[in-house]
Amino acid sequence: MLLALTDKSPPRELPMPNSNAACAALITFALALLSACATSIDTTPVSFRPAPGASAPELTLDRAVEIRLPTGYTRTLASGSRWRHVGDVAQGRVFRPIDAVFSIEGRQVHEAYLVIADRSLVGFYLPGESAYSPLGAPIPLSSGGSR
């Protein structure tokens, strides 16, 4: 079937978009481009050795700790947060949060457990990937000790 266009009306002006809507669309586009460029989290495969199941020690942080990840994102370990020793990797002891979920972010978000060596946070164990992600420099932790 062939259609013939016979509309002889004069051309109409197209309405200009609302400048606020155009600005919002531009900002949304720019943010989408930036998020596509986010840095991946550096990881190394590790062998995780679970802690004996009896009564695993707990760690309670005395103060909040601000962490700047190598990806540029930041995370805060809350004062009073509790962590349970769940195992070990070559880089240190692995602590999982109690009654919470902790994650780190790069191009993707990863569930993360703390890796502690010599009373300092040295990186994260990523249980979903069985991998270790190092920090740029160790961060000393102040805790109420283990129970």
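Serine 81 touches Leu59, Thr60 and Leu61, residues up to four places away in sequence not being counted; contact means heavy atoms within 4.5 Å. The model is predicted: local features need pLDDT of at least 70, side-chain atom pairs count only at pLDDT 80 or more, and totals for chains, interfaces and linings use all residues. Residues are numbered from 1 along each chain as its sequence is written, and side-chain values use heavy atoms, with hydrogens and water left out.

Serine 81 sits in the loop between β5 (74-77) and β6 (82-89). Helices (H or I, at least four residues) and strands (E, at least two) are DSSP runs, numbered from the N terminus. Serine 81 counts as buried because its relative accessibility is 17%; buried means under 20% relative accessible area, exposed over 50%, partly exposed in between (1.4 Å probe, protein chains only). A polar atom of its side chain lies 2.7 Å from the backbone oxygen of alanine 78.

Serine 142 occupies the loop between β12 (131-140) and β13 (143-146). Its relative accessibility is 27%, so serine 142 counts as partly exposed. Neighbours within four places in sequence aside, serine 142 is in contact with Thr60, Leu61, Asp62 and Arg63. Leucine 61 is 81 residues away along the chain, yet the two C-alpha atoms are separated by 6.0 Å.

Of its 147 residues, 32% count as buried. Among contacts between residues at least 6 apart in sequence, 50% join residues at least 24 apart. The accessible surface (Shrake-Rupley method, 1.4 Å probe; for residues, only the protein chains shown count as cover) comes to about 9,800 Å², with 58% belonging to carbon and sulfur atoms.

Technical notes. A polar contact is a pair of N or O atoms within 3.5 Å; within protein, one must be able to donate a hydrogen and the other to accept it, and residues adjacent in sequence count only if both atoms are side-chain atoms.
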